[in-house]
Amino acid sequence: MEKYVKMLKDKGLKVTPQRLEILRYLDKNMTHPTAEIIFTELKETNPSLSLSTVYSTLNLLTKYDIVQPLTITEGEVRYDMKGKMHHHFLCKRCGTILDIDVTCPHLETMLNGEHRVEEVHGYLKGICSTCLERTGMKSNSEYESDTEIVKSDSELHEPPSLECADE
Ligand SMILES: [Zn+2]
Ligand SMILES: [Zn+2]
């Protein structure tokens, strides 16, 4: 818990049991849950927790850059610890969201440029390796892939670690 106490204190935020629980849940569960999922899971051990507390806590933690909301799936917001910058890959079949490291020299230029970049979201979508294996699909060519920032012809069998070509 020390770690989460520090995260809150560093931002000058009051340390409350709910905030600590939510931070710990997000840190331990890399599944990018919705507020409703966090609420349902934490409610079991914290009967006094309310959904509105979960919402307001997530909004606060977002405002203070501790967590980040993801809108990779339509019509819902998923939450993630902000931490080190990373992008996300959504499996359109099973709905899993995986963390992906993308190194891109163009992005570095932007980050060190004249604008102050506060958020970077890279959303990639396709079929995950587990689903490809399960269905015996060898490539993702039959499925249109709407990869949003990185167009890649390489197969997305592995949770990919992509590099942005510097031309
Ligand atoms: Zn999948
Ligand atoms: Zn993530």
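Analyst: Axes are lines fitted to C-alpha atoms, for helices over the stretch in contact, and angles run from 0 to 180 degrees between N-to-C directions. Helices (H or I, at least four residues) and strands (E, at least two) are DSSP runs, numbered from the N terminus. The model is predicted: local features need pLDDT of at least 70, side-chain atom pairs count only at pLDDT 80 or more, and totals for chains, interfaces and linings use all residues. Residues are numbered from 1 along each chain as its sequence is written, while chains are lettered from A and ligands numbered from 1 in the order in which they are written.

User: In what order do the elements of the protein run from the N terminus on?

Analyst: The protein has 6 helices and 7 strands. Read from the N terminus on, they run α-α-α-α-β-β-β-β-β-α-β-α-β.

User: What is the angle at which helix H2 and helix H3 pack?

Analyst: H2 spans residues 17-28 and H3 residues 35-43, with their axes 11 Å apart. H2 passes H3 in a right-handed crossing (left-handed if the near helix is turned anticlockwise from the far one by less than a right angle, right-handed if clockwise). The helices pack at an angle of about 110°.

User: Why does that angle make H2 roughly perpendicular to H3, rather than roughly parallel?

Analyst: Angles under 35 degrees count as roughly parallel, over 145 as roughly antiparallel, 65 to 115 as roughly perpendicular and the rest as oblique. The packing angle is about 110°, so H2 and H3 are roughly perpendicular.

User: How do the residues of the contact of H2 with H3 divide?

Analyst: Residues are in contact if their C-beta atoms, placed from the backbone, lie within 7 Å. Glu21, Ile22 and Tyr25 in H2 meet Ile38, Glu41 and Leu42 in H3. Ala, Val, Leu, Ile, Met, Phe, Trp, Tyr, Cys and Pro count as nonpolar, Asp, Glu, Lys and Arg as charged, and the others, Gly among them, as polar. The contact divides into 4 nonpolar, no polar and 2 charged.

User: Is His32 buried or exposed?

Analyst: His32 is found in the loop between H2 and H3, and its phi is near 55°, a positive value in a residue other than glycine. A residue is buried if 20 or more other C-beta atoms, placed from the backbone, lie within 10 Å of its own, exposed if 12 or fewer, and partly exposed in between. With 23 C-beta neighbours inside 10 Å, His32 counts as buried.

User: Is Asp65 buried or exposed?

Analyst: Asp65 is found in the loop between helix H4 (51-63) and strand E1 (67-70). The phi of Asp65 is near 65°, which is positive. Because Asp65 has 11 C-beta neighbours inside 10 Å, it counts as exposed.

User: Which residue in E4 does Phe89 stand opposite?

Analyst: Phe89 lies in strand E3, and E3 (residues 87-91) pairs with strand E4 (residues 97-100) in the antiparallel sense over 4 bridges. Two strands pair if DSSP finds at least two bridges between them. E3 and E4 form a hairpin with 5 residues between them. In E4, Phe89 stands opposite Leu98.

User: Which residue in E6 is the bridge partner of Leu90?

Analyst: E3 and E6 pair in the parallel sense over 4 bridges. The bridge partner of Leu90 is Lys125.

Technical notes: Two residues are in contact if their C-beta atoms, placed from the backbone, lie within 7 Å.
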